[in-house]
Amino acid sequence: MKDSKRESEANNPAAESWRAFPAQQQPDWPDQDALRAVTDELAVAPPLVFAAECDLLRRRMAAVARGEAILLQGGDCAETFERATADAIRGKLQTLLQMAVVLSHATALPVVKVGRMAGQYAKPRSSPVEERDGVVLPSYRGDAVNGLEFTEESRVPDPRRLRTMYEASARTLNLVRALTTGGFADLRQVHAWNAGFVAASDAGERYEQLADEIGRSLAFMRACGVETRELATAEFFVGHEGLLLDYEAALTRAEPGSGRAYATSGHLLWIGERTRDLDGAHVEYFSRVANPIAVKLGPTTTPDTVLSLLDRLDPDREPGRLTFVVRAGADRVRDLLPTLVEKVNAEGALVAWVSDPMHGNTTTAPSGHKTRRFDTVLDEVRGFVEVHQELGTHPGGIHVELTGDDVTECVGGGNAVLEEDLPHRYETACDPRLNHTQSLDLAFLLAEKYRGGPKAH
């Protein structure tokens, strides 16, 4: 196995070049021999995704960059091994499919669907330690690294968890592929789910017209004899933050013939706000893989930083290669975004611009729970769309943390969650997620905004 790994590294410098650069947010693995044993296994394991799938997504993201499609990306803040169940996966997939139908009808554009799934098991942290009642332990960094339970034993980084992440991701992908090709994603069924949501929602009357329009469109297609296989299947991709470089490197594969390197842990990987250092290991690694990639941009992002990232990660200016995911916060997005978009456009680059309205809008409730207000999340999305409409550019889509379950983690929405409701079903392992109803509320309200046209308010 070690000989195979060494041969792979020799033919695939993308898997190793990052080691010469400083790597932020990496676990302090106490057993390096155990880490090497696991990564040696993963280096010869089957890929989780394939180069041809990544190339297809890159073409789809090129359409987003050109204004010919919309990106919808969503899923857990942090996946957990315990909740990688068939019901949980099915619920997230159903939620994304329902949102996609609404957005596609409103924009008259195809929706590129990407789940924060099958790999979102690691999280960057603002502090390496956590303190409770005078006890200081390493921070929880996601199930790929250590356990959520606040005990000394649980919080020790364990590289064997990387193998478990690979296995859980493989199971998730197998189910997603079966569901999206086996009838679960049938457009008519998805519309029936949405009709049920509208009927049951406290805000249902507001969404009724759009839901009726979708129903009439489907009826028209049936009347015209449109009964193709495409109505019963859906393209669906997966992605995660490419945080743990030992794991990503072990699953990097060079394509025979072309020599192009791919991160085969997911179709679309992104660099987070805390790891986008231009001289860091993450930017170096991402610069060498052929996947479509993304970078998160927070409220302190400068135009010079964005242009430098563009040069490092998309030097050939290829549409579909690079996505900028803006997480400025509702109070900053209207001020920050215009300059960034204009500077990138002046470079002649065609990137996809996407809104992450979650991470810049986190607050703490009186109960101590981290939460997000639905109205604030919606306001950031609206601001993102308004800026693009003012500039005459394309608001490429949204990237949200959500679940298909009826959790109580974010406040507000059509069937409003109140602050006093937060403890009832607060189940996230890290940050608060929109529940199923709030996710669909967001899709219908965003659909209204997209249909509003230039300068709509």
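# Exercises on a predicted model

At 3.1 Å, the backbone oxygen of Leu422 is reached by the side chain of Thr408, a polar contact, meaning a pair of N or O atoms within 3.5 Å, where within protein one must be able to donate a hydrogen and the other to accept it, and where residues adjacent in sequence count only if both atoms are side-chain atoms. The structure is a predicted model, in which local features need pLDDT of at least 70 and side-chain atom pairs count only at pLDDT 80 or more, while totals for chains, interfaces and linings use all residues. Residues are numbered from 1 along each chain as its sequence is written, and side-chain values use heavy atoms, with hydrogens and water left out.

## Exercise 1: Thr408

Find the loop in which Thr408 lies, and decide whether Thr408 is buried or exposed.

Solution. Start with the helices (H or I, at least four residues) and strands (E, at least two), which are DSSP runs numbered from the N terminus. Thr408 is placed in the loop between strand 14 (397-401) and helix 13 (436-451). Next, take the accessibility: buried means under 20% relative accessible area, exposed over 50%, and partly exposed in between, with a 1.4 Å probe and protein chains only. Thr408 has 11% relative accessibility and therefore counts as buried. Then look at the surroundings of Thr408, where a polar atom of its side chain lies 2.8 Å from the backbone nitrogen of Arg425. Finally, list the contacts (heavy atoms within 4.5 Å): leaving aside neighbours within four places in sequence, Thr408 touches Val417, Asp421, Leu422, His424, Arg425 and Tyr426.

## Exercise 2: Strand 10 and its partners

Work out which way the side chains of strand 10 point, and which strands pair with strand 10.

Solution. Strand 10 (residues 322-326) is accordingly described as mostly covered, with five of its five residues buried.

Now turn to the pairing, for which DSSP must find at least two bridges between two strands. Strand 9 (residues 293-297) pairs with strand 10 in the parallel sense over five bridges, and Ala294 stands opposite Thr323. Strand 11 (residues 352-355) also runs parallel to strand 10, joined by four bridges, and there Ala352 is the bridge partner of Thr323.

From strand 10 the chain passes through helix 11 (residues 333-346) to strand 11 in a right-handed β-α-β crossover, where right-handed means that, with the strands pointing away from the viewer, the path from the first strand over the helix to the second runs clockwise. Strand 9, helix 10 (residues 303-313) and strand 10 likewise make a right-handed β-α-β unit.

## Exercise 3: The length of helix 4

Why does the span of helix 4 agree with its number of residues?

Solution. The expected span of a helix is 1.5 Å times one less than its number of residues. For the 22 residues of helix 4 (residues 86-107) this should give 32 Å, and the end C-alpha atoms are 31 Å apart, which agrees. Helix 4 is also mostly covered, with 16 of its 22 residues buried, and it is followed by Ala108, whose phi is positive, near 55°.

## Exercise 4: Aromatic pairs

How many aromatic pairs does the structure hold, and how are the rings of Tyr207 and Phe444 arranged?

Solution. Rings of Phe, Tyr and Trp (its six-membered ring) pair if their centres lie within 6.5 Å, and planes under 30 degrees apart count as stacked, over 60 as edge-to-face and the rest as tilted. The structure holds seven such pairs. In one of them, Tyr207 and Phe444 are stacked, at 4.6 Å centre to centre with 15° between the planes. Tyr207 lies in helix 7 (residues 204-223) and Phe444 in helix 13, so this pair ties together parts that are 237 residues apart in sequence. Both residues are buried.

Compare Phe324 and Trp353, whose ring centres are 5.3 Å apart and whose planes meet at 40°, so this pair is tilted. Because Phe324 lies in strand 10 and Trp353 in strand 11, the pair ties together parts that are 29 residues apart in sequence. Phe324 and Trp353 are both buried.
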